[in-house]
Amino acid sequence: MLRTLVLAACLAAVTNTNASAQAAPPDLTTVSERSGFLRTGRYDEVIALCSAFQQRYPDAVRCFDFGTTPEGRPMKAMAVSTGGALQPQAAREAGLPVLLVQGGIHAGEIDGKDAGFLLLRELLERRQAGNPLDKLVLLFVPVFNVDGHERFAAWNRPNQRGPEEMGWRTTAQNYNLNRDYMKADTPEMQAMLRLVNEWDPLAMMDLHVTDGAKFQHDVSIMVEPTEGGDEPLRGIGKAWRDGVIARLAKQGSLPLPFYPSFVENDNPASGFEHGVAQPRFSQSYFSQRNRLGMLVETHSWKDYPTRVRVTRNTVLAAAELVAAHGKDWLQQERAADERASKLAGQAVALDYKATAEARTIAFQGYEYTRTPSEISGALMTRYDETRPQVWNIPLRDEIVPNHVVDAPRAGYLVPAAHAAWVAAKLQQHGIGFRRLEAALGESEHAVFRADKASFSTQSFEGHQTLALTGEWKPERRSLAAGALFVPIAQAKARLVMSLLEPQAPDALVAWGEFNTAFERKEYMEDYVAEEVAREMLARDPSLKARFEQRLKDDADFAKQPSARLEFFARLHSSWDASYNAYPVLRTDRMP
């Protein structure tokens, strides 16, 4: 009986009043709403609702497919605006900001789908003054990971309270879409990038549910740019984040501006570390495009009615702020595009890190104990949800640039051998480039030579990733016709650098796309190297002196026969000069 009363109260909070829920058109209500937010519907419900919304509100809703999944399912989106701008060009001509709301990128975390349909119905039925749909286009993708959504079962999210059954985290090809924004391996992400390029949303919301410890806070709101990206744009990012947090707090939520993952797994006393996510993640990817990206994480240990209500409130708050400030924010983003097109020669941070500085925060947790487990033998944290407790714990949230490089003065050159696939990647992101019709004669460019190339020992998202250390140095190079020139003078300059700078965390080379350049292919047999070394030492007394000094100074070198022979092989004309040289060049001159 108590559970029924709690669910009824949550349902009333979600829909504002029980009467409004009862009056809703049956074809526009979800399985979730009709079940008291115990269940969520299958994907055929998304298809039906998308069509029903358009049929009921043809002047305000356009339902359309924006892609097809590997298993052949349509990827549905809804453009919603009472201003009537339901096509990208119409939105641009009307000067309406576009807010992309993305649900189900992790299809087990499906709060956004049910909250989004609920909120849209409320806004479209109400049609009263102050409706955010009058001043923006809400581009709603109920489920991004459609195939994963249909891998439907109980316990797909064992750390999450409700719904009774849900989809799966990854796609049918076992990709995590929220690691795919930069490399864009999947048909789903390629479809999403086409949608983004077409609509160019001012802001994006990515709706998730956390894993993690038990505590009282019910949602985290993280926005970029706030700590990274274009500096003037960070103020807008903070205004959007803080505005949403303030509205949620007034409604009784306990929102956080950081992701509550402990520094030490399962140890509340270790506190938290804030940061700037890599651009493989949604919110930071949009920041690289000079757009606002918001990651919304409701807390997995809250029940489904609560999470849907909080998600609904979050989307409404975010939409209201975009509606109120969107035209000004559009101008600010265009100014950021202009600044990005003038980054040539300027210092640009490729990634960020938290410093060791920490401050103590009062975090709303529960009483807990940490004792050895009789099952695993490990130290385990056990929470008492009946006894709220304030944890005074450290938060490291001082963020500074990590790797910083100067942007090239003109841009990047991609050799013809790699031009086809790199061009396809650039096109997926809407990045400008041109092909060189004629060969480029020998001239000086910057070449990145790795002094260390570390391959991952296991596959990650289908890739053997690569970490490089080294530096850019001037060398004379020529390029065959068909090479690409990627100018730095464009609005997506930060995204260009994130893809092509070899030390950027999500660069194409970091994802292993250029691994063959760092694999040694030709060798000199030891007996040949022995003869070559003797000949070289006999011809060059200075080389003999260098070799002998190295033997004295470097004990490890002296003990390794292969290293001693390679010393001479590297000086021989047979040595592969392209080994450990990143194929993409930087240039200071327009070709």
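**Local and overall features of the predicted chain**

Arg-449 lies in strand β18, residues 440-455. Strands are DSSP runs of E with at least two residues, helices are DSSP runs of H or I with at least four, and both are numbered from the N terminus. The structure is a predicted model, in which local features need pLDDT of at least 70 and side-chain atom pairs count only at pLDDT 80 or more, while totals for chains, interfaces and linings use all residues. Residues are numbered from 1 along each chain as its sequence is written, and side-chain values use heavy atoms, with hydrogens and water left out.

Arg-449 is partly exposed, at 29% relative accessibility. Buried means under 20% relative accessible area, exposed means over 50%, and partly exposed lies in between, for a 1.4 Å probe and protein chains only. Arg-449 has contacts beyond four places in sequence, where contact means heavy atoms within 4.5 Å. Its partners are Thr-469, Gly-470, Glu-471, Glu-475, Arg-477, Ala-577, Tyr-579, Asn-580 and Ala-581.

Gln-190 is found in helix α8. Gln-190 is partly exposed, with a relative accessible area of 23%. Residues up to four places away aside, Gln-190 touches Ala-184, Asp-185 and Gln-428. Its side chain reaches the backbone oxygen of Asp-185 at 3.4 Å. Gln-190 and His-429 are 239 residues apart in sequence, yet their C-alpha atoms are 8.8 Å apart in space.

The loop between α7 (146-149) and α8 (187-199) holds Thr-170. Thr-170 counts as buried, because its relative accessibility is 11%. The side chains of Thr-170 and Asn-174 make a polar contact at 2.9 Å. Beyond four places in sequence, Thr-170 is in contact with Asn-145, Gly-148, Tyr-175 and Asn-176. Pro-163 also lies in the loop between α7 and α8. The peptide bond from Gly-162 to Pro-163 is cis, with omega near 0 degrees.

A cis peptide bond also joins Glu-224 and Pro-225, with omega about 0 degrees. Pro-225 lies in the loop between β6 (219-224) and α9 (231-250). Most peptide bonds are trans, and most residues other than glycine have a negative phi. Phe-37 is not a glycine but has a positive phi of about 60 degrees. Phe-37 sits in the loop between α3 (31-34) and α4 (43-56). Phe-37 is buried, at a relative accessible area of 1%. Asp-200, also not a glycine, has a positive phi of about 45 degrees. Asp-200 is found in the loop between α8 and β5 (203-209). Asp-200 is partly exposed, with a relative accessible area of 24%.

Helices α14 (residues 526-539) and α15 (residues 541-553) have axes that come within 5 Å and cross at roughly 115 degrees. Met-536, Leu-537 and Arg-539 of α14 make the contact with Pro-541, Leu-543, Lys-544 and Phe-547 of α15. By class, this contact has 5 nonpolar, no polar and 2 charged residues. Axes are lines fitted to C-alpha atoms, for helices over the stretch in contact, and angles run from 0 to 180 degrees between N-to-C directions. Ala, Val, Leu, Ile, Met, Phe, Trp, Tyr, Cys and Pro count as nonpolar, Asp, Glu, Lys and Arg as charged, and the others, Gly among them, as polar.

The protein chain contains 17 helices and 21 strands. Its C-alpha trace spans about 95 × 65 × 45 Å along the principal axes. Buried residues make up 54% of the 591 residues. Among contacts between residues at least 6 apart in sequence, 78% join residues at least 24 apart.

The chain averages a pLDDT of 94, and 96% of the residues score at least 70. Over residues 1-13 the pLDDT is below 50, and this stretch has 14 contacts beyond near neighbours in sequence. pLDDT is the predictor's confidence in each residue, from 0 to 100. Residues 15-21 also stay under 50, with 11 contacts in the model beyond four places in sequence.

Conventions. A polar contact is a pair of N or O atoms within 3.5 Å; within protein, one must be able to donate a hydrogen and the other to accept it, and residues adjacent in sequence count only if both atoms are side-chain atoms.
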